Amino acid sequence: MEKFTIRVNPGSCTGCLLCQLACSEHYTGSFNPSAARVQVDVSGIDCSIRFTEECNGCGVCVDYCFYEALRKEAVG
Amino acid sequence: MTMGGFAGKVLYVDLTQGKIRQEPLDPVIAQKFIGGLGLTIKLAYDRITPGSYALYPENPIVLGAGPLVGTSLPATSRVYAVTKLPASGTVGWCGGGGGNFGCQLKNAGYDQVVIEGRADRPVFLKIIDDRVEIDDARSLWGSGVEEGCEELWKTVGRPAGVLSIGPAGENLVSFSMAYIDRLSTLGRGGFGAVMGSKNLKGIIVKGNGGIRVADRKGYKDLSETLFQRIRDYPYLKEWQDLGLLKSLPLVPVEVYENIKKRRIACVSCPIGDKDVVEIPDGKLKGLIVCSTSAANLLTPMIYGFQDYREAVRCIAILDELGLDMFEFFGVMGFAKSLCDQGIISKDRIETEIRLDSLSSLETWAKKISLREGLGGVLADGFKGILKEFGEEVKRYAPPVVKGLIPYVGPKAPLAWSLFGTMELGQVLDPRGPHVGASGSPTYFAKRPLDVFPRHLDRMGVPQEAIERILLGLGTEKQQLKVGRLLKYSHSWFSILGSLGICARAQINRFYNASLCAELYEAVTGIETDLEGLRERVERVWTLLRMANVREGFTRKDDALPEKWFEEPGFQDYLTGKPAIRQDLEQMIEDYYDEWGWDPKTGIPTEEVLKKLGLT
């Protein structure tokens, strides 16, 4: 998929944070969920997912999501 | 020396003096004991005062998370605690799906935490990176597990990992547990009471430091292969959807789908197995419960509950109080038998004991947790009941091993009659009956022996040992040596636990011992091969044995309960013939022998201790 946008489905998120682990390692060389450009909030009954301003939509988080909470959707 | 994977520090907390200090992790010790479970056993061995009582201030709690915890490797969030446990008096491991706790602890900079002493008031430990405080918890004392956890989260904001207890732990109930992030249970054997004895309501941790791996390229290659293997697994979706209910169908799938709100995963787990459920109808409509597994929530159905909604509510109550469900039902069943026999007089029973009644069990769970009336006797478990009513009432008790009920057996809650490693492990696990450390291919009934070698190889069993475990394979006289196999169940568990990988079958199936050695090397930078890993786990489990030998526990304490030999008893895994005492005693000797421990006493030989550098 050459161009895509990231679609979010918080309803299927389990809060595993694989997305944050993958993102933080990719950009900082260190597994550090607090430094990730995607942030999952698990404090409610349902999860919520947001992206920080630094996120460039590279999709590394999507590649590590096993629950289809993050998906790539082709553009164009 | 800088190692990858490890956070690099050990946190020491003295609750009596109110003192906190940090020390660098000793890299030589870390290498010798792998990390996680192994290192936690080592630190506990060094800190425990032999002969001390589990609930005395000097009994240390040692917590640890392995070098893979905090990385993205699948299901690497396990947290372990090692301490002397009140139910058995033995030094035991307690393990839990680490939720957020392990990852946050590592990010805060700590591989291990050692907690000693006793605070003069209820406290909680607050860890935010380098800032560590012992804070007042008087306002939290008495709160349930979920309520207490939510309050702790409010003190630092989420995300943060919490390890905490409920009223049962506060009141030193011998079958109280601690909970991670209010849903992962940790501590069959009374770990909750050990925390309670220290006036320690909980620990909250938040970290921002990050975990680096030593060989990024090696890590990436290995982890991508591993993740692809999981993606290709044909039953992935089914396990994700059903969790333990896939192998333990306590209710029809439609019922589960009707109450399932969402699934929860520990950090880095692609097959999350924890649940949020909501009761959709009936008197309990709207009840939302978080649990370590929906299968647990439905366990009361085994004891006769007819309405699954009430079963969910029952376990929610036990979890909120912080009680071990299997032990609670076992103790209540024993107490009921004594009531039926007139041994417990009617004037001591304000509420009739009924194992199939929510209202009865709710009343008794609270009485036990608050030690009210007869509840104060039951709170001390089987030992407490025998002390109160005399040893002669033992004949009405279920089978008991090391003060706890073996929950797998022909007449046990998890009814199962074939005698494999998980069944024998209930006797040989140092903390008593628990099946978590004793998995093997015998987990599946009547699995053909010819597939065993492949599984044993995956678990890291050397070829020459496979030949001792499987005799005459493929012939009419083939034999399976369960005792010898159990050594390698415990070894495999020790590898997983020391690295920080979840031991649940649905996850550990994707790992093998050689891969674990490669991952350890890539993450830590410590040169390791399979043989090196094997030697380290021999050291780990043998030291745990020595921690108990030092307390006076030997072969006599690895005792098979007499009731296992009453009808209907266990059956030989291979032949289906009745498992007789002589055969099971031989398995125990085989187990010791396979470790290089004295077969008659269960004490590690000098030769083995010398070889492992434990003298």
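This is a predicted model: local features need pLDDT of at least 70, side-chain atom pairs count only at pLDDT 80 or more; totals for chains, interfaces and linings use all residues.
Biologist: In what order do the six strands of the open sheet in chain B run?

Modeller: The pairing in this open sheet is mixed. The twist averages 15° from one strand to the next. The order is β2-β1-β6-β3-β4-β5.

Biologist: Which are the edge strands of chain B?

Modeller: An edge strand here pairs on one side only. That applies to residues 19-24 and to residues 91-96 of chain B. The edge strands are β2 and β5.

Biologist: How many bridges join β1(B) to β6(B), and which residue is the bridge partner of V10(B)?

Modeller: Strands β1(B) and β6(B) run parallel and are joined by six bridges. The partner of V10(B) lies in β6(B). That partner is Q112(B).

Biologist: Which residues of β6(B) are the bridge partners of L63(B) and V62(B)?

Modeller: Strand β3(B), residues 61-65, runs antiparallel to β6(B), with four bridges between them. L63(B) has V113(B) as its bridge partner. For V62(B), the partner is V114(B).

Biologist: Which residue of β4(B) stands opposite A65(B)?

Modeller: Four bridges join β3(B) to β4(B), and these strands run antiparallel. The residue opposite A65(B) is V79(B).

Biologist: Why is β6(B) described as largely enclosed by the rest of the structure?

Modeller: Strand β6(B) spans residues 110-116. It is largely enclosed because the number of its residues that are buried is seven of the seven.

Biologist: Which residues of β3(B) are buried on each of its faces?

Modeller: Five of the five residues of β3(B) are buried, so this strand is largely enclosed by the rest of the structure. Both of its faces are covered. One side holds I61(B), L63(B) and A65(B), and the other V62(B) and G64(B).

Biologist: How many disulfides are there over all chains?

Modeller: A disulfide needs two cysteine sulfur atoms within 2.5 Å. For C61(A), the nearest cysteine sulfur is that of C19(A), 6.3 Å away, and C61(A) is in no disulfide. The count over all chains is zero.

Biologist: How far is the sulfur of C314(B) from the closest cysteine sulfur?

Modeller: C314(B) is buried, at 3% relative accessible area. The closest cysteine sulfur is in C290(B), too far for a bond. The distance is 17 Å.

Biologist: Is T90(B) buried or exposed?

Modeller: T90(B) sits in the loop between β4(B) and β5(B). Buried means under 20% relative accessible area. T90(B) has a relative accessibility of 3%, so this residue counts as buried.

Biologist: What is the distance from the side chain of T90(B) to the backbone oxygen of P430(B)?

Modeller: The side chain of T90(B) also makes a polar contact of 2.5 Å with the side chain of S88(B). Beyond four places in sequence, T90(B) touches residues including P430(B), R431(B), N548(B) and F553(B). From a polar atom of the T90(B) side chain to the backbone oxygen of P430(B), the distance is 2.8 Å.

Biologist: How far apart in space are P406(B) and G330(B), C-alpha to C-alpha?

Modeller: P406(B) lies in the loop between α15(B) and β16(B), and at 4% relative accessibility this residue counts as buried. Its contacts beyond four places in sequence include P399(B), Q426(B) and W564(B). P406(B) and G330(B) are 76 residues apart in sequence, and their separation in space is 9.4 Å.

Conventions: Residues are numbered from 1 along each chain as its sequence is written. Chains are lettered from A and ligands numbered from 1 in the order in which they are written. Side-chain values use heavy atoms; hydrogens and water are left out. Two strands pair if DSSP finds at least two bridges between them. Helices (H or I, at least four residues) and strands (E, at least two) are DSSP runs, numbered from the N terminus. Axes are lines fitted to C-alpha atoms, for helices over the stretch in contact, and angles run from 0 to 180 degrees between N-to-C directions. Buried means under 20% relative accessible area, exposed over 50%, partly exposed in between (1.4 Å probe, protein chains only). A polar contact is a pair of N or O atoms within 3.5 Å; within protein, one must be able to donate a hydrogen and the other to accept it, and residues adjacent in sequence count only if both atoms are side-chain atoms. Contact means heavy atoms within 4.5 Å.
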